[in-house]
Structure formats: C-alpha cells, structure tokens
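Keep the viewer open while you read.

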Amino acid sequence: MLFIFFIIVAIVAFITWQNARSKFAKDGNKIYQGGAGISLLITVIAALLAIVQIFTVIPAGNVGVIDFLGNVSDLTLKAGVNFVNPLARVVKMSIKTQEIKERMEVPSKEGLAVGLEISALFHLNPDKAAEVYKTVGENYVAIILEPQFRSVTRGVTAGYEAKALYTSEREVLAQQITAGLQNLVAPRGITIE
C-alpha cells in the first residue's frame with residue numbers, strides 16, 4: 001500500500017512542478033521557481049521510495065510467503081533480496097531450528113501421574129511454508145505442534161512403567177515420541193529434529 005501512496009505523491013508533486021514551472025516561465029516570479037524546485041525534489045524522492053517497494057529482503061533463516069490480496073503463492077522467496085509485486089504482502093516465516101518445551105503430567109502403565117519436562121527441536125519445512133501459511137497460518141506451532149506433542153508423549157508414556165522415565169529406557173521413549181510426532185506433523189510441513 002505504500003507503493004500506491006508514493007506513486008500518488010509523485011504524480012501530485014510532478015503536476016505541481018509542471019504548474020509552477022509554467023507559471024514561472026509566464027510571470028517570471030521567483031516564488032514559482034522555488035516551488036518548482038521543491039516539487040521536483042518531492043517527485044524524485046517519492047518515485048525512488050515507490051521503486052524501493054518493489055524489493056523485499058528476506059533475512060537468513062527465513063522464507064517469504066507472498067500473500068497478494070488473499071491469494072497465497074505456492075512459491076516461496078528464499079533469503080536475500082527479492083523482487084515482489086509491490087501490492088503483495090510478504091510474510092516472513094522462520095525455518096531455523098526452534099525448541100518447544102512442555103511440562104506435563106503424563107500417565108504411566110501403572111496408572112500413576114508422573115511429572116515430566118520434555119522438549120523437542122523442530123523446524124518449518126521451507127518447501128511447505130506456503131501450504132502451512134494457507135492452511136494454518138503463522139501460529140502453526142500452537143495449532144499443530146503443541147497438541148500433537150502432548151498427545152504423542154502421553155500415548156507413549158502410558159505404555160511404560162514410571163521407572164522407565166528415569167532409567168536407560170528413557171532413550172527408547174524419546175525415540176518413540178520423536179517417531180510418533182514426526183509421523184503426525186511431517187505431512188503438515190514441520191520437521192522434527
């Protein structure tokens with residue numbers, strides 16, 4: 001929307017410059033010459049600012065999803081300087097490794113409630129970022145990952161005795177949670193690390 005604003009400012013300033021220039025040529029009044037100079041300066045600055053709106057910078061570790069008036073492009077922008085439609089909104093989504101931490105009461109095989117602190121590393125699949133934005137939105141962690149993480153963790157721990165959470169079987173549980181979570185969220189565009 002800034003693009004349209006700067007284009008309008010440039011057009012108005014250009015018209016003002018033309019009028020002031022023609023009045024100066026006709027009357028010879030120095031006031032018109034000064035107004036023409038200011039109008040020309042505003043025209044150039046507004047035109048340059050409008051041209052800058054054609055470029056967008058995607059920071060390292062992010063991809064850009066192009067949302068043009070509600071129509072989301074399937075192609076994502078890679079890190080760096082990119083040309084875009086100046087009327088489109090570019091949503092920057094992180095593809096960096098992130099961590100989700102949970103503290104929860106989980107059931108054990110004996111029916112005991114055990115306090116558990118667990119975390120998982122994940123990242124957004126850059127090839128599916130546009131699909132995630134279309135179907136879920138920017139808050140995909142809270143909508144997709146957190147509920148599935150809790151569900152898988154409770155499901156896995158329910159098959160083991162409470163002591164398994166504190167012994168060498170802990171690695172087996174971690175692998176099962178990782179595999180279960182990966183199976184659920186990978187098709188939705190999230191990669192569990």
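A nonpolar core here is a set of buried Ala, Val, Leu, Ile, Met, Phe, Trp, Tyr and Cys residues joined through side-chain atoms within 4.5 Å. Buried means under 20% relative accessible area, exposed means over 50%, and partly exposed is in between (1.4 Å probe, protein chains only). With that settled, the largest such core has 36 residues, and those with the most contacts inside it are Val65, Met93, Phe122, Tyr140, Leu145 and Ile190. Elements that each supply at least two of its residues include strand S2 (62-68), strand S7 (113-124), helix H4 (140-157) and strand S8 (190-192). H4 gives the largest share, 7 residues. A second, separate core of 6 residues includes Ile58, Ile66, Ala88 and Val90. As general background, nonpolar side chains tend to be buried together in soluble globular proteins.

Some housekeeping: this is a predicted model, with local features needing pLDDT of at least 70 and side-chain atom pairs counting only at pLDDT 80 or more, while totals for chains, interfaces and linings use all residues. Residues are numbered from 1 along each chain as its sequence is written, and side-chain values use heavy atoms, with hydrogens and water left out.

Now the overall layout. The chain has 5 helices and 8 strands, counted as DSSP runs (H or I, at least four residues, for helices; E, at least two, for strands) and numbered from the N terminus. Their order from the N terminus is α-α-β-β-β-β-β-β-β-α-α-α-β. The radius of gyration is 28 Å, well over the 16 Å that the globule rule gives for 193 residues, so the chain is more spread out than a compact globule. That radius is taken over C-alpha atoms, and the rule is 2.2 Å times the number of residues to the power 0.38. Along the principal axes, the C-alpha atoms fill a box of roughly 100 × 30 × 25 Å. Buried residues make up 34% of the 193.

Contact means heavy atoms within 4.5 Å. Of the contacts with a separation of 6 or more, 66% are between residues 24 or more positions apart.

| Residue | Relative accessibility | Class |
|---|---|---|
| Phe6 | 14% | buried |
| Thr16 | 37% | partly exposed |
| Leu69 | 67% | exposed |
| Ala130 | 3% | buried |

Phe6 lies in helix H1 (residues 2-27). Neighbours within four places aside, Phe6 is in contact with Ala46, Leu49, Ala50 and Gln53. Between the C-alpha atoms of Phe6 and Gly111, 105 residues apart along the chain, there are 66 Å. Thr16 also belongs to H1, and its C-alpha is 23 Å from that of Met1, 15 residues away along the chain.

Leu69 is found in the loop between S2 and strand S3 (71-77). Its phi is near 55°, a positive value in a residue other than glycine. For context, most residues other than glycine have a negative phi.

Ala130, in helix H3, touches Val65, Val72, Ser73, Asp74 and Thr76, not counting residues up to four places away in sequence. Ala130 and Lys101 are 26 Å apart in space, C-alpha to C-alpha, and 29 residues apart in sequence.
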